[in-house]
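Hi,

Here is the structure I said I'd pass along. Have a look at it first, and my notes follow below.

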Amino acid sequence: MVARLVIAAPSSGSGKTTVATGLMAAFAAAGLAVSPHKVGPDYIDPGYHALATGRPGRNLDAYLCGPGLIAPLFAHGSAGCDLAVVEGVMGMYDGAAGQGELASTAHVAKLLRAPVVLVVDASSQSRSVAALVHGFASWDPEVRVAGVILNKVGSDRHEVLLREALDESGVPVLGALRRASQVRAPSRHLGLVPVAERQADAVESVAALAAQVREGCDLDALLALARSAPSLRGEAWDPHTGLGASPASPSSSSNAGRAEYHPRIAVAGGAAFTFSYAEHAELLTAAGAEVVPFDPLHDERLPDGTAGLVIGGGFPEVYAPELSANEPLRKAVAELALSGAPVAAECAGLLYLSRELDGKPMCGVLDAAARMSERLTLGYRDAVAVSDSVLAPAGTRMRGHEFHRTVVEPGAGAAPAWGLHRPERRVEGFVQGNVHASYLHTHWAAEPGVARRFVESCAP
């Protein structure tokens, strides 16, 4: 059993990330091994969580992975830790559109049997806070709202009024944080600026959050609450088990004839490509690959012996001039794709493989042009593979998420990657030789065969 807390809020902008990251950093500084988690498909907050704890930030998404994988993935990520802190998404009861509670913070809290601490933006209220908290605490009796942290409190007098009001709610106040502009992280069109883009400043921000939380929250009471969580049933997720292989024999049975082959798979990273799920690299490794990171902003060639390439999401539009200026790497990527080596690209990776991005030359693997747009494309998608590819055979059904403010023209190749069925019907992405490029972010833990098929495709 791992002690655990879910940090929720009535709405976005209440201060979940401030409180969750501050708690993670404060408990880690106190000597606890803290496991960081984020509800939903967000890639940016987990970067701050990892900085706060020294452990990979992991996502718990009941839409992408299914409710049945939430507790196993949590147990996998929190193994050996003293405490797990789970940051929620949006408002506590907000989930996948039109799907009831699915993938909401409340849903995940129930799946984890975890107590919930509600973060309330108290900046424009006093006694009304009690009605707000009472409503959230009583809406679903299966959700245990066990404490409140008041955020953006204006003064000592304001705090007294808030605490007096909440005395009547039956939900204890476990912290009160003053307005503090110096601990805010800068944001951009898709949320906070990732840690990789502001490493030194991010370290200072996380340290300031930890200090603010230590000063304003009852850490002993919060830890005691976390330890009151009951045990979870079932086994932890394991990448080898998911692949149907044992740790002693990482390759699948269908690949037994070349069990000793460990293809080197290069994975793009650095400031321009920060979006990835930790389980993807774990699955590739379990399938027999050697995973090697590289930075397209600075590395002028791919890692020696690269047999396959994975380019995840991020903000290449911010770094289009620098990515374009790295012509040796762009040519190396194009040559690798032309050679028939497997390439999997998601969102930012799709832009990088295009002919150009905002007029700047990119790798030219795809005959498509990418540009920034005023329109934000955001939401869960139900998808089916349209074409056989290095990731999946045609007909494979997966769930994904789109999150971008760019447009690629054309939006699909002669052999599209996915047919999307929610919220609208359309085809999307490119399957070109052994290249699979798409806007769709998917979580491979939901379909481990994706990783196995990609690794097997790297065989000579």
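**What I found**

R4 has A84 in β4 as its bridge partner. That pair belongs to the link between β1 (residues 3–8) and β4, two strands that run parallel and are joined by 5 bridges. Before you go further, bear in mind that this is a predicted model.

Zooming out, the sheet is open and has 7 strands, paired in parallel in the order β3-β2-β4-β1-β5-β6-β7. The edges are taken by β3 (58–60) and β7 (173–178); each has a single partner strand, so one side of each lacks a neighbour in the sheet. On average, neighbouring strands are turned by 25° against each other, ignoring direction. Helix α4 (residues 105–112) packs on this sheet and touches β1, β2 (34–39), β3, β4 and β5 (116–121), with its direction at about 170° to that of β1.

Back in β4 (residues 83–87), take a look at E87. Its relative accessibility is 1%, so E87 counts as buried. The E87 side chain makes polar contacts with the side chains of T17 (2.6 Å) and H49 (2.7 Å). Beyond its sequence neighbours within four places, E87 also has contacts that include I7, K16, A20 and D45.

Then there's the helix pair: α1 (residues 16–29) packs against α7 (residues 199–216) at about 85°, with the axes 7 Å apart. That angle makes α1 roughly perpendicular to α7. By class, their contact has 9 nonpolar, 4 polar and 1 charged residues. Among the residues meeting there are V19, L23 and A26 from α1, and V206, L209 and V213 from α7.

Cheers

Technical notes. Residues numbered from 1 in each chain as written. Predicted model: local features only at pLDDT ≥ 70, side-chain atom pairs only at ≥ 80, totals over all residues. Heavy atoms only, no water. Axes fitted to C-alpha atoms, helices over the stretch in contact; angles between N-to-C directions. Helix = DSSP H or I, 4+ residues; strand = E, 2+ residues; numbered from the N terminus. Parallel < 35°, antiparallel > 145°, perpendicular 65-115°, else oblique. Contact = heavy atoms within 4.5 Å. Nonpolar A, V, L, I, M, F, W, Y, C, P; charged D, E, K, R; others polar. Buried < 20%, exposed > 50% of the residue type's maximum accessible area, 1.4 Å probe, protein only. Polar contact = N/O pair within 3.5 Å; in protein donor to acceptor, adjacent residues only side chain to side chain. Pairing = 2+ DSSP bridges.
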